[in-house]
Amino acid sequence: MAKRNLIGLPIAELEKLTVGLGEKAYRGRQLFTWLYSVRQYDFDLMTDLSKELRRKLHDQFEFRLPVIAGEDVSVDGTRKFLYELGDGLCIETVLIPDVGNGRTTVCVSSQVGCALGCGFCATATLGFTRNLSAGEILGQLISLRDKFGESAFTNVVFMGMGEPMMNLDNVLKAIAILSADSGMSHAAKRVAISTAGVIPGIRKLAESGSKARLAVSLNAATQEKRARIMPISRKYPLDDLMKALKKYTTATRTRVTFEYALFEGFNDTEDDIKAIARVVQGIPCKINLLAYNPVSNLPYDRPSDEKMDWFARQLYPKVPAVTVRKSRGTDISAACGQLAGAKAKTGDQR
Ligand code: SF4
């Protein structure tokens with residue numbers, strides 16, 4: 001019989017598991033610490049568990065992490081990892097060091113491919129294959145700590161492959177283990193979940209009590225324009241999205257980050273600036289501007305640096321906070337919207 005993977009099981013399930021093996025529940029809590037805090041993958045070295053329990057665990061369970069099947073390093077220090085999952089499918093994860101700020105951000109994937117079909121995104125061209133399990137989401141982070149140590153990353157963003165709100169239960173399960181003191185001890189407020197605007201997910205996140213932050217990929221500030229590049233906007237129109245975000249910020253007492261990628265000649269005019277200011281009014285927020293990173297075969301271009309500067313300077317007085325995010329890892333196709341290295345292995349033949 002195939003052994004069950006322990007990676008991704010939360011504390012309550014490990015307690016149940018040890019009780020099922022005829023042990024006390026607190027043994028499950030000890031196991032949780034070995035798994036996620038110590039990251040010990042040899043049952044024999046879990047020295048505070050009885051020999052009998054270690055034998056039972058060894059017979060029935062194992063540790064399976066996604067395997068690094070490829071790695072590219074950018075001239076700017078950004079690293080892109082290709083992870084192979086247990087069933088042979090692949091996903092990508094990006095590690096982005098920012099030496100000046102002492103921060104390293106890891107951009108994790110939540111799905112194999114994506115079903116939302118944003119017109120500018122390389123992942124969209126893959127189609128959707130399946131959700132990642134909590135263990136596969138967490139496995140990307142565990143693997144990076146195994147490779148680079150405890151300081152492998154300071155911030156986690158769900159901006160890799162997939163729409164995290166379409167797999168929110170597993171995303172939240174992974175974040176709970178990541179942020180548990182006896183787990184990976186990484187503050188949830190340094191985790192951001194980015195959505196294309198899936199309203200039920202935004203509501204569920206507010207109700208969950210998670211301290212993870214919310215980011216919304218805006219990219220166009222009128223319904224007509226947004227629906228042209230983000231089909232999800234037809235299901236969840238911009239007005240409804242903004243109402244949901246107002247409720248979210250009130251309920252959680254946090255602000256939301258809007259990601260706005262500039263596409264040359266599409267969403268970079270004075271009218272677009274006015275539309276952004278109008279649509280975010282009354283929502284505690286900041287706006288991250290970034291230049292679009294072109295993807296071959298997709299019809300959008302990157303604006304000039306001068307256009308980016310002009311846009312940021314015009315927008316800033318009209319909204320509470322604006323930052324310009326530098327594109328990183330463009331030479332290895334690791335920047336926002338460029339993740340598609342798994343194409344050959346997602347089962348998608350287009
Ligand atoms: S931008 Fe995000 S939500 Fe849209 S298709 Fe790409 S991965 Fe999916």
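**A pocket between two domains**

Both domain 1 (4–62) and domain 2 (67–345) contribute residues to the lining of the second largest pocket, so this pocket lies between them. The structure is a predicted model.

- The domain assignment divides the chain into domain 1, covering residues 4–62, and domain 2, covering residues 67–345.
- A distance of 34 Å separates the C-alpha centres of domain 1 and domain 2.
- Domain 1 brings 12 residues to the contact, and domain 2 brings 13 residues.
- About 1000 Å² of area is buried between domain 1 and domain 2, and carbon and sulfur atoms give 59% of that area.
- Of the area that domain 1 buries against domain 2, 49% is supplied by Phe-32, Tyr-36 and Arg-39, which is more than any other three residues supply.

**The second largest pocket**

- The volume of the second largest pocket is about 350 Å³.
- Its lining consists of 16 residues, and those nearest the centre of the pocket are Asn-5, Ile-7, Arg-64, Ser-133 and Glu-136.
- Helix α4 (residues 134–148) provides 3 residues, the largest share of the lining of this pocket.
- Sorted by class, the lining of the second largest pocket holds 7 nonpolar, 5 polar and 4 charged residues.

**The surroundings of the ligand**

- The residues that surround the ligand are Cys-114, Leu-116, Gly-117, Cys-118, Cys-121, Ala-124, Gly-162, Glu-163 and Ala-196.
- The shell around the ligand comprises, by class, 6 nonpolar, 2 polar and 1 charged residues.

Key. Residues numbered from 1 in each chain as written. Predicted model: local features only at pLDDT ≥ 70, side-chain atom pairs only at ≥ 80, totals over all residues. Heavy atoms only, no water. 1 Å grid on protein atoms, 1.4 Å probe; cavity = no way out; pocket = protein on both sides within 12 Å on 5 of 7 lines; lining within 4 Å. Points joined across faces, edges and corners; volume = space filled by probe spheres on them. Helix = DSSP H or I, 4+ residues; strand = E, 2+ residues; numbered from the N terminus. Nonpolar A, V, L, I, M, F, W, Y, C, P; charged D, E, K, R; others polar. Domains from an automatic or database assignment. Near = heavy atom within 4 Å. Contact = heavy atoms within 4.5 Å. Buried area = accessible area lost by both parts, 1.4 Å probe.
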